[in-house]
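Subject: Structure handover, aromatic rings

Hello,

Please find the structure below. My notes on its aromatic rings follow.

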Amino acid sequence: RSEAAFHTDGSFLPAAPEIAALLSLSSADEGGETVIVDGADVLDELCASDASVAAVLFEEHPIDLRGQTDGDPTRSQPIATREGGGRLRLRYVRAYIEQGYDKAGVRMSDQTPVAFDRFDALAAAEERQISFLLERGELLVVDNQRYLHGRRAFRETTRRRRLRRVYGVLR
């Protein structure tokens with residue numbers, strides 16, 4: 001019921017979903033708005049203001065796989081990559097990355113939390129955010145590797161907030 005930090009879905013999967021869709025089955029009594037932010041804009045601004053801090057996001061970081069795959073409990077992967085033509089692709093769930101460092105027994109560089117803090121602060125700027133309440137039957141479809149999404153806190157008394165998530169790839 002608390003606020004959910006900005007993230008992309010399926011970051012622990014071997015191939016992150018290109019498309020994330022959220023289908024509202026019901027909304028809470030109060031709050032629970034979905035918030036989206038253009039992660040490519042956030043990273044572009046960070047690159048323009050401090051390229052050395054932004055470079056940390058292009059490095060590989062251990063990510064906690066959350067027991068969702070066989071084998072190792074972590075995998076190293078970059079948060080941001082650029083495809084041919086410069087198209088930015090993101091895979092970001094800060095908590096999974098921080099837990100990945102702990103599970104892998106690797107110390108974060110001093111610059112890593114600075115980069116995460118700056119990235120998160122830019123994403124948290126209200127002028128970047130588009131927020132809306134998904135009502136029953138409404139579907140949000142986003143480019144999961146470009147847009148970050150989060151959730152505002154909510155209260156349930158008579159109605160429960162329920163969403164279904166669906167992932168996809170473009171063909």
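**Aromatic rings**

Phe12 and Tyr96 are both buried, where buried means under 20% relative accessible area, exposed over 50% and partly exposed in between, with a 1.4 Å probe and protein chains only. This is a predicted model, in which local features need pLDDT of at least 70, side-chain atom pairs count only at pLDDT 80 or more, and totals for chains, interfaces and linings use all residues. Residues are numbered from 1 along each chain as its sequence is written, and side-chain values use heavy atoms, with hydrogens and water left out.

There are three aromatic pairs in the structure. Rings of Phe, Tyr and Trp (its six-membered ring) pair if their centres lie within 6.5 Å; planes under 30 degrees apart count as stacked, over 60 as edge-to-face and the rest as tilted.

Phe12 and Tyr96 make a tilted pair, at 6.0 Å centre to centre with 50° between the planes. Phe12 is in the loop between strand E1 (4–7) and strand E2 (19–26), and Tyr96 is in helix H3 (residues 94–104), 84 residues apart. Helices (H or I, at least four residues) and strands (E, at least two) are DSSP runs, numbered from the N terminus.

Tyr92 and Phe116 pair edge-to-face, at 6.0 Å centre to centre and 70° between the planes. This pair also links distant parts of the chain: Tyr92 sits in the loop between strand E8 (88–90) and H3, Phe116 in helix H4 (residues 111–124). Tyr92 has a relative accessible area of 0%, and Phe116 is likewise at 0%. Together with Phe119, Tyr92 and Phe116 form one aromatic cluster.

Regards
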